[in-house]
Amino acid sequence: MRTAVLFVLVILLFISVTFGIMLGPVSVEPEVIWKIAFSNVPWLGDLIIPDWTKSQGHIIWDIRFPRVLLGAVVGMGLAVVGVAIQALVRNPLADPYILGVSSGASVGAVSVIIFGAFGFFGQYALSFTAFLGALFAVLFVLFTSRVGGRISNVRLVLAGIAVSMILSAVTSFMIMSAPQEEGIRAVMFWMMGSLAGAKWDYLFIPAITVVSGMMVLSFQSRSLNILLIGEKTAATLGIHIEWFRKFLILLTALITGVIVAVSGAIGFVGLMVPHVVRLIVGSDHRYVLPVSALCGAIFMVWADVCARLVVAPQELPIGIVTALCGGPFFIWLMRRRSYSFGEVN
Amino acid sequence: MILKAQNVSSSIENKTIIQDIDLHVNPSEFVGLIGPNGSGKSTLLKSVYRILKPDAGLITLDHQEVYRLSAKKTARKMAVVSQESPVVFDFTVKEMVLMGRFPQKHFLESDTAEDMEMMERALSQVGMLEFRDRSFMSLSGGEKQRVMIARALAQQTKILVLDEPTNHLDVHHQIQLMDLVKTLNVTVLAALHDLNLAAYYCDRLYVIDSGKIVASGKPEDILTEDLLRDVFHVSTDIFIHPLTEKVHITYLSDRVLPEKQKRPISK
């Protein structure tokens, strides 16, 4: 049954990606999309006779493909990190940003957008500083939550909240002292999250990071299961707790940092998808991880379609879409009695 | 000798909790550890099950030093059922018990037919086989505790360490659980709260007070009115129960005792 779920989701993802590329001001037939895709594959490409216009080819291959695929990668990564973080802190309210990643990235991004800092990184300045900010924030949280060489769950979460608050204050201060109005708008757009401006160049690093990160996490599925039961039990079943937690913190920070750097802090996906998935397949991480990855990708592709089309030719920040879809859905889920959200009854 | 602790001293946040502890458990022995709150029972067990590294002393399992073994290797020799914070996300009973197979698993190895067989055997040993597909969270306290025991059994270890296994259980489930552990015929080291239960089920007892072992031996040899007054600060009446032929402790209180029965309690 679980294999069937995975199979259906892979097909759904394929269909979603096709639709995500099809839908837009310039409409294209689905088979043309994949013909264009194959024509860009080395060796294979020559077998396909082009029957599309040059501008179609450009829009599909250079603009829509990277954007939709980036959406899928970002959604996949956020969902997977959400699963891992919830197991790490044993808290159903945890999301990928709970350890300060997004607020750290914001400080970096805002300093680039408003003050043009780190100009020498050229077009990668924004992504690079956002990533640095994210990593710095998580390391800071990690060190402040260590007391006597041990990290407790509660301290970790509290340190994450405290560091997030401090860094948000820094961000707000920078926005207040911004010299120009457009800067503020750009910052708002970035902080809500957006996939606009995706290019093939931007896709490579996030895709590699998310896919390899997900594989590494899948190898640890059993350990994640046991971690959910409790630290003491995990230790007596043979897991080196301190090592494993540090590993999880750094791995999730790395994945989230890379994602936030390219797409901004897109909310709700990392919180919501893991819960929905547990509702369907239970808590076993051997299934929760792959199913979450696929659901996150599908959800993000459709959220981006909405972000592009609802107020076309303008665009909405995708964070508004995910929150508007995610919020009501979450309330519905929460009101179902059969799902406990980790509450003890 | 399966488990042996020699001169073990442990501290928490620079405060010495247990000092110079000597303890051993022989094969298929049921050994109990009793002592008042804060006496160091839990600390001693934590040191034994490799969560709290002692400052001094040696703990060996099967003649191998526990703190030189990896966490996983230890888990292949010793299974622990401890007090644990409530489970946050739900698992099925089957999944919970299969986690006991983790120490035997290689990287990426999936559940084999053998694992399934052991899971089923462990669940039927604790009488929970028909619950295998139930959600763990929906179980009662006693049923949860039995599933934990099943998980420890699925670990297939030489020794079982129980950290106050009967806490939060009613009388019926306390006895059911102790009966279960007794009939399994495994080697057990258990910290116990209920002295009558300890006297009834254990082959040998260690009494710990203020971080030191103050008495050890068979229940009928060491459980005396004097010891209980000194260690637990209670006055008692102890006799061998005619039915069970085991030590039975009756707690006495000045407030409740009939006037004519009061005797001067020597301090």
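This is a predicted model: local features need pLDDT of at least 70, side-chain atom pairs count only at pLDDT 80 or more; totals for chains, interfaces and linings use all residues.
1. Which residue of β7(B) stands opposite Val80(B)? Val161(B) holds that place, and the two strands concerned, β6 (residues 78-81) and β7 (residues 159-163) of chain B, run parallel and are joined by four bridges. Strands here are DSSP runs of type E with at least two residues, helices are runs of H or I with at least four residues, and both are numbered from the N terminus; two strands pair if DSSP finds at least two bridges between them. From β6(B), Met78(B) and Val80(B) point one way while Ala79(B) and Val81(B) point the other, and all are buried, a residue being buried if 20 or more other C-beta atoms, placed from the backbone, lie within 10 Å of its own, exposed if 12 or fewer do, and partly exposed in between.

2. Residues are numbered from 1 along each chain as its sequence is written, and chains are lettered from A and ligands numbered from 1 in the order in which they are written.

3. A second pairing in chain B is antiparallel: five bridges join β9 (residues 204-209) to β10 (residues 212-217), and Ile208(B) has Ile213(B) in β10(B) as its bridge partner. Two residues lie between the strands of this hairpin, where Ser210(B) takes a positive phi near 45°.

4. Turning to the contact between the chains, 26 residues of chain B and 26 residues of chain A take part, with contact meaning that the C-beta atoms of two residues, placed from the backbone, lie within 7 Å. On the side of chain B that touches chain A, helix α2 (residues 71-77) of chain B gives the largest share, four residues. That side divides into 16 nonpolar, four polar and six charged residues, where Ala, Val, Leu, Ile, Met, Phe, Trp, Tyr, Cys and Pro count as nonpolar, Asp, Glu, Lys and Arg as charged, and the others, Gly among them, as polar.

5. Chain A has 14 helices and two strands, and 49% of its 345 residues are buried. Among contacts in chain A with a separation of 6 or more, 76% are between residues 24 or more positions apart.

6. The unreviewed UniProt entry places the feature "transmembrane region" at several spans of chain A, including residues 96-118 and 316-334, although such annotations may be inferred rather than shown by experiment. In the model, residues 96-118 are 65% helix and 0% strand, with the end C-alpha atoms 26 Å apart, while residues 316-334 are 89% helix and 0% strand, with the end C-alpha atoms 27 Å apart.

7. Helix α9 (residues 221-229) of chain A is mostly covered, eight of its nine residues being buried, among them Arg222(A) and Asn225(A). The elements that cover these buried residues include α3 (54-88), α10 (231-236), α11 (241-263) and α13 (285-309) of chain A. Gly230(A), with a positive phi near 145°, follows α9(A).

8. Val276(A), in helix α12 (residues 269-281) of chain A, is partly exposed, with 19 other C-beta atoms within 10 Å. Beyond its neighbours within four places in sequence, Val276(A) is in contact with Cys295(A) and Leu333(A).
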